[in-house]
Protein chains: 2
Amino acid sequence: MKTLTILLKTSHYSSHSLFSSSPFSLLHCRFISSLPLSHPIYTIWAANTNLGKTLISSGIASSVLESPNSAQFHYMKPVQTGFPPDSDSRFVFNKVSDLFRRRRGEFSLVSSNYVANCSGSAAKEVCGRYEERKVGGELGIGEKRLICRTLYAWNEAVSPHLAVEKEGGGVEDEDLLKMVEKCLWMGVEDEKNGECWSLIETAGGVASPGPSGTLQCDLYRPFRIPAILVGDGRLGGISGTISAYETLKLRGYDVVAVVLEDRGLANDGSLLSYLQNGLPVLILPPVPQDPSDDLINWFDESHDVFTSLKQILLSAFSDRVKRLHDLKKKAEDILWWPFTQHQLVPKEKITVIDSRCGESFAVHKADSRDIITQQFDACASWWTQGPNSALQVELARDMGYAAARYGHVMFPENVYEPAMDCAELLLEGVGKGWASRIFYSDNGSTAIEVALKMAFRKFLHDHDTIVDIANETSKRSIEFRVLALKGSYHGDTLGAMEAQAPSSFTGFLQQPWYKGRGLFMDPPTVYMQRGKWNVFLPDEIVSEGQKQEVFEFRDELFSKSRDTTDVARIVHAAGGMHMVDPLFQRILVKECKTRNIPVIFDEVFTGFWRLGVESAADLLHCSPDIACYAKLLTGGILPLAVTLATEALKALLHGHSYSAHAMGCTAAAKSIKIYKDQKKNPNLTPEGRVLRELWDAKLVNEISMHPQIKRLIVMGTLFAVELQTQGSNAGYGSTFATSLLRQLRDDGIYMRPLGNVIYLMCGPCTSSTKCNQLLMKFYSRIDEFHKNTSQVQ
Amino acid sequence: MKTLTILLKTSHYSSHSLFSSSPFSLLHCRFISSLPLSHPIYTIWAANTNLGKTLISSGIASSVLESPNSAQFHYMKPVQTGFPPDSDSRFVFNKVSDLFRRRRGEFSLVSSNYVANCSGSAAKEVCGRYEERKVGGELGIGEKRLICRTLYAWNEAVSPHLAVEKEGGGVEDEDLLKMVEKCLWMGVEDEKNGECWSLIETAGGVASPGPSGTLQCDLYRPFRIPAILVGDGRLGGISGTISAYETLKLRGYDVVAVVLEDRGLANDGSLLSYLQNGLPVLILPPVPQDPSDDLINWFDESHDVFTSLKQILLSAFSDRVKRLHDLKKKAEDILWWPFTQHQLVPKEKITVIDSRCGESFAVHKADSRDIITQQFDACASWWTQGPNSALQVELARDMGYAAARYGHVMFPENVYEPAMDCAELLLEGVGKGWASRIFYSDNGSTAIEVALKMAFRKFLHDHDTIVDIANETSKRSIEFRVLALKGSYHGDTLGAMEAQAPSSFTGFLQQPWYKGRGLFMDPPTVYMQRGKWNVFLPDEIVSEGQKQEVFEFRDELFSKSRDTTDVARIVHAAGGMHMVDPLFQRILVKECKTRNIPVIFDEVFTGFWRLGVESAADLLHCSPDIACYAKLLTGGILPLAVTLATEALKALLHGHSYSAHAMGCTAAAKSIKIYKDQKKNPNLTPEGRVLRELWDAKLVNEISMHPQIKRLIVMGTLFAVELQTQGSNAGYGSTFATSLLRQLRDDGIYMRPLGNVIYLMCGPCTSSTKCNQLLMKFYSRIDEFHKNTSQVQ
C-alpha cells in the first residue's frame, strides 16, 4: 500500500516553488489536471512561422499592463528553438518594459525573464538564468508584474522535434504539459492584487511538431485553452489562415480573434467573409523591415488595435465563464434527462462538461474558485466510449470529411462506401463465421426490435408446418414469446421492453402497454469473491446437495471442457453487472438450435472488445442466428446500430430516416479497424484476438479480499464490484455509494453507480497504466469509505 | 411550353466546338452536370503559393506522355493571374515539349496552348490565341497530344478576386465550373486512341479565393475530383501542409498523394507520421533558384519521382473505378435495406452514390461509359435534407469541431453547451409559446415512444380521480388507446407502430406483436385539382346533401375564419402525402383539450420549414401538449430527435446511450439558426416567419390541369401529385410510375414514389430557380409519360 500513498498525492502548486527543484520532481505524483478559470488564459497560434506572434504577445501584455486594474501578466514560451539568439520571452520582457517606461508613470513594472530548461548546446550560460528589470513608478501608486518564462529551449533554429534529434533534451508531452499547467497556476495566488493574465505562445504554425514530434495543436489539446490566431497578410495568406483556423477547429479549440499584419492585400476582407459568425479580424500596421528599428513607433501605431484585442479577449473570457455558470440553472429549467429523478439532482449536483479529450472529461467547477478539471469518464458515458485522444482526433477529421462528402444520403436501393466498408468489417469481425447480412438502425433498442422482427419471421419460416401463415385463425393462435433472462435490459422502446422481465423500469406508470412477452429465466451467474471465481446457481436450478462451484482462474469458466453441453449476453450490464455463467449460455444456445428457435445475441454492451474480445461469442464458443451491436460500434462518437443476420429472408418493413447514415458508418469503419490494429491499439496481444489484462491481477485479487466488497467481476475493459451493504441499502435505486462516488469525482474519476454496484470502465485502447491508477485510487477510497461507514455503525 | 423545350436541351459536348463561340452560349441550357470516369482526372492543390504546382504538373504530363500507351494529356489552368507574364499553361506547354524532344524519339508530340478569356488589360494580344508545336517523332510511330488551356486570365499578380475587383472580367462560379466540365469532356472523344489524362491546376493555396471570392476548395467541390497536394518543404511547412490537407478533407476531397520539394528539413517524415493511413509523400530535389536555369537537369533528376507519382495516380484511379463498380454486387450480397423487396432490386438498379453536394447526389453510372453524374435528391433522402452546399460545408466544419471537442459525453445529470444551445433554440422556435422542456432521443420513432409515455403519464396525472394508480386492479382496468388518423405513420418500433392504423406495414408477418392500440379516424383531406383546392370529406363525416368544399387559394384552407371550431400532423407523408384538413385538426385539438386528453403533434416530417413554416402548429393556430421533431432537425446530417413537452412531471425511464449526443445537438443548433437567418436563407420572407413560395404558382396550376394528375399538393418545400391510374395500378406498392421515375433520374432528378404519389422535395434554403427547373422537367416528362401510356391503352 505504500506506493499508493505516493501516487495519490495530488495538490495544486505553491507559486514560489516552481523552479527551485527539478521540474520533474512533482510530476509523477499527479493524477488529475486542472486549470484556473479565474483569469484570462489564452494561447497564441499562427498560420505559419514568422507572422509576428511575439510582437502580438508583447502588444497584448503591454495593453493589459497599461490598464489600471491589472496586476500581473504571465507570458510563457513552452518551446523555443534558435536559442539563445532567438528568445521570445526575452523579447517580450524587454519590449514590454521599454514600452511601459515610455507610456506610464503612475505604476512601476517589475519584469522578469526566466529560462527553465535548455538542451546541451544552448544551455551553458543561460539556463536557469533569472533576469529582472524595474521601470516606471514615478508616482509610486503601485507595482505591476510581468513574468516571462521559457520552459524548454534548443539551440538550433529548426522545428523542435529536429532540434531534439540533434541536441537531445527531449521532453515527453505529458511532462511538458505539466510544466505549463504549473506555470498557469502560479499567477493565481496573487490574483487578489488585481487582474491577472496568462498567455502561452506556441512555436511555428498550428500544426508544427513539438519536441516529441506530436503536433502542437494535438499536444496542447487537453487544456483546450481559447486561441488567438495570427493570420498571414501576404499573398497566399488567406488560404494559410483559413486552413490554420480549420486545423484548430478540428481539434476542438475555440478561436477568439484573428490578428494579422497588413501587407496591402486586404486579406482581412476574405477572412471576414469566411468567418461569417462574427469572429473579429484585426489588422496591424505593416511591421518595419529594417532590423535596426526598435519598433516603438510601430507599437504606438498599433496601440488601438491592441486595446481592442485586449477588450475582445477580456469579454470573450467573461462570456465563457458566464456561460459555464449559467448552464446549471438552465439545465435545471429546460432539460429533461433520461432515467433521472430531477428532484434528486439539485442545481449544485449538475456536472458542467466543457469538453472531452480521449477518456477524460474537462469539467467546470466553481467551488472556492473557478476551475476546469479533468475527470476520467469511468462509466464510459453509458458504456459507449472507445477513443483515446489520438483516436478522437482521427475520428473528428473523419467526421468532418464524411459530413462534407456525404452529409447523409438515403440508403434503400443505394450503396455508398462507408455503408459498405462498415458492413464488410462487421462480417469479417463480429459476424465472422456465421453472419451474412447487415441491417442498420439507430440504437441498441431499435437493433433489438429489428432482431425480434427477424426472429419472428425466421421462426415462422422454419416452422411452416405448424403455422399456416395464409390462415388468419392459425396465425392469430400463435403468441410469440421470447425466452430471455431475468434482470436483462435490451432498450426502452416498447418492443425491446417486451423482451425484458418485469422490473421497476417496466411498471405501469412508465409504460402501461408493457406486458412482458417472455419466459424469463433466472440464470447462474459468476463473480469473484475473496480471490476465487464462483458460480452462483439460482434456486430454480440448484438441486439438492449441489454445491457452489469455485474456480481459481476466470479462464476456467470459459473453457469448453465444462461442456457435456444460449439467447443471451455475457454480462447483464444495466441489470447490475451480472456475469451470466458462460456454460449456461452455451447450453441454452444449443438447446434452442436443436429446436429451430432463433437465437439473438444482444451484444450492444458486450461487443467490440468491451469484454476483451471483439465479440462475446468468441468467449462462448458458439454463434447466434442474429446479433445486435451499437455503443462502441462508432468509437463512442454518435449513434448507430446494426443487426447482423444469417440471411435476409424477406422485405423487413422497418427503417429509420437516417438508416446507415454516412457519418455513423464512417466512424464505425474507422473504429472497428483501429480497435484491432496492432499499431494503434497497444492492448492487443500479439495474436490480436484478445486484449491483454488491463487491470492488475494482484490488485484485483486484493480488492476482492476487502470486507467492503461483496462480489467482483473483471474482464476486458470492465472492472465492477458490488458493495457490501446492510439492510435496505440494496438495489438499483440505492444511494449508499453516493459519498464514495463524490470523493472519487474530486479525485478526477467520473463514476455512476448501478445501485450498490460500482464500476470502472475504460476503452479498448486505454493504457493499463491508466487503468491501474484508477484501480489504486478506487481501492484507497473504498478502504477509507469502509473505515468511515464501519465507524458510523 | 416553348421555353421548356429550350431548358430541357442537355447533352454532352462535341470536342471541337468549345471555343468557337462564347463560352456562355450553352451554359444556361444545362441542368445536369457530369464528369467522365473513363480516364484519370486530377486536381493539383498547394499548401501555399509558389510551391511548384506548375513544375509538378509539367513533370506529371511529361511522365504520362512518355509512356507508350498514352495518347493525350489535357492540362487546364482555370484561373490565372499575373497574365501574360505568368502563364502556367504556357509553361507546361513549353517545358513538356522541350522535355519530350530531349527524351523520346519514337513518337511525335503535338502540343497546344490556348487562352480562352482574359480581362481587359490582359486581353489585348493574347486572348483567344492558339499556339501549337510539334516535336519528336523521328521514328514516326505515332502522334501524342498535349493540350494546355487557360480558361480565365487577369493581368495583376494578385488573388483572382482582387484582380476582378481591379480589372473586371468577373465570372460566376457556376459558369466557371461549366467551362471546366466542358474541357474535361473534350478528352473523352479521342480516348480510343490510347490513354488520356486531365489535370486541373488551381491558383494559390487550397483556400485561396477564386474570381467570385468563393474559396477554391469550395468552388470546385461539386466535382470532388481526387487531389494531389503540393506540400511545403520549408520551415513551418509541416504545419501549412497538414492544415491544407485538413482543409481539403473538410470539403470531402480524397487526397491521393502529397508531393513536396526537399528543403533539407525532412518535413516528409513528420507528414508521413501524421498521414498514418499510408498516403504516399514524395520528395522532389531542390529546385535551382537561378532564374536562368532551364530546369531540364532538375526534371531529369526528378524523373523517377514523377514516374512513381504517375503510377500512384494511375493505380488510385483504377482502384476508385473498381471500388465503384464492385459496390453494386457487394450491396446485393451483404446489405439489407429497410422497406425493400430485395428481389425487386436487381444489381443493375442499385444506385451507387459517390457523394453529396448540397441538394444533389453524385452518382456513379456505368452504361455506355463510366461517369459521375449529378442527381437532385428530390426525395430529400427520406425527407431529412436541409443543407445547400454552403450549409453543408459549415456543418462539416462544425461536425469536426464537435467530435474533437466532445466526441460524445453522457447526458443525465450533466450539461454541455450544444445540448443547451439546441434546447434553447427549440423552445424559442418550434416550442415557442407552449413548450418548456426538451427530451432528447435518436429518431422520430423513439421520439414518438417518448411522447406516448409522457402522454400516458400526463393523462393519469390529469385524471387521478378516475384512476387510482396505487390500486393494481384500478390500474389494470385501464386500457390506453391513442386517437389517431387512418393512413398515418409514426415510426417502426413497436410502441410507435401501435399508434398507427392497421396496414400492410403492421401485418402479422412484419410484427406479430402489433395490435393497433388506437381509435383510428378517417380525416378530411385537402388537395388541388384542376387549379382549385378541394376539401375531401370521408364517408364517415359526410352528411347528406353535403358537397365537396372548393377554395380558390390554399391560404383560405388555413384561415381561422373557417372555425366555429387535433393529435395530428398536417401532411400524412408516408401514407401517401395526404394533407389533412387544418380545420379538422384544429377542432380535434380543441375537443381533446377540453377533455384533458393530451395532444401530441408528430412533426417529424412537417417540422422545420418543411411546409414553409418553422412548425406546422403555426398553420393550425393551436398548440399541442407534446410534440416530436427529427429529420430536418440536424440539417439532414445525422440522427437526433426531440420530444418537447409542457412540463416534466416525473422521471421518465427512457433513454438511449447517445441521448443528446454533442454532434447531433451541434448540427441541430447550427441548422435551426441557419434556416431562419435572413442572411443565409434567401427564401425567408422579410418578416421571417414563412418561406416564400418556392414552386411557380402558374406552373403548379397548369400541372394540376393535366389529365395525368389526379390530385396535387404544394406547400413549403413539398410538391406532390397523385397520378391518374387505371384499375389495379394503385396504392403504395404500385410500380406504375417506374418508367417515369427512371427517365427523371436520367434527367438528373432522384425521386422515389409512394405508390402512385410522386413528389419533389427541396430544402428550406433551396433556390426557387432550382425548384422551377425541377418542376419544368417534371411537367415535360409527365406530359410525355401521359402520351405514351395513353397510346398503349
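Predicted model: local features only at pLDDT ≥ 70, side-chain atom pairs only at ≥ 80, totals over all residues.
The contact between the chains involves 137 residues of chain A and 136 residues of chain B. On the side of chain A that touches chain B, helix 13 of chain A gives the most, with eleven residues. That side of chain A comprises 72 nonpolar, 44 polar and 21 charged residues.

Helix 13 spans residues 389-405 in chain A, and helix 13 of chain B spans residues 389-405 as well. These two helices pack against each other, their axes 8 Å apart. The angle between them is about 165°. Angles over 145 degrees count as roughly antiparallel, so helix 13 of chain A and helix 13 of chain B are roughly antiparallel to each other. Their crossing is right-handed.

From helix 13 of chain A come Gln392(A), Val393(A), Leu395(A), Ala396(A), Arg397(A), Met399(A), Gly400(A), Ala403(A) and Ala404(A). They meet Gln392(B), Val393(B), Leu395(B), Ala396(B), Arg397(B), Met399(B), Gly400(B), Ala403(B) and Ala404(B) in helix 13 of chain B. Strand 11 of chain A, residues 351-357, is joined to strand 14 of chain B, residues 414-415, by two bridges. The two strands run parallel. Within this pairing, Thr351(A) has Asn414(B) in strand 14 of chain B as its bridge partner.

Terms used:
Residues numbered from 1 in each chain as written. Chains lettered and ligands numbered in written order. Axes fitted to C-alpha atoms, helices over the stretch in contact; angles between N-to-C directions. Helix = DSSP H or I, 4+ residues; strand = E, 2+ residues; numbered from the N terminus. Parallel < 35°, antiparallel > 145°, perpendicular 65-115°, else oblique. Left-handed = near helix turned anticlockwise from the far one by under 90°. Contact = placed C-beta atoms within 7 Å. Nonpolar A, V, L, I, M, F, W, Y, C, P; charged D, E, K, R; others polar. Pairing = 2+ DSSP bridges.
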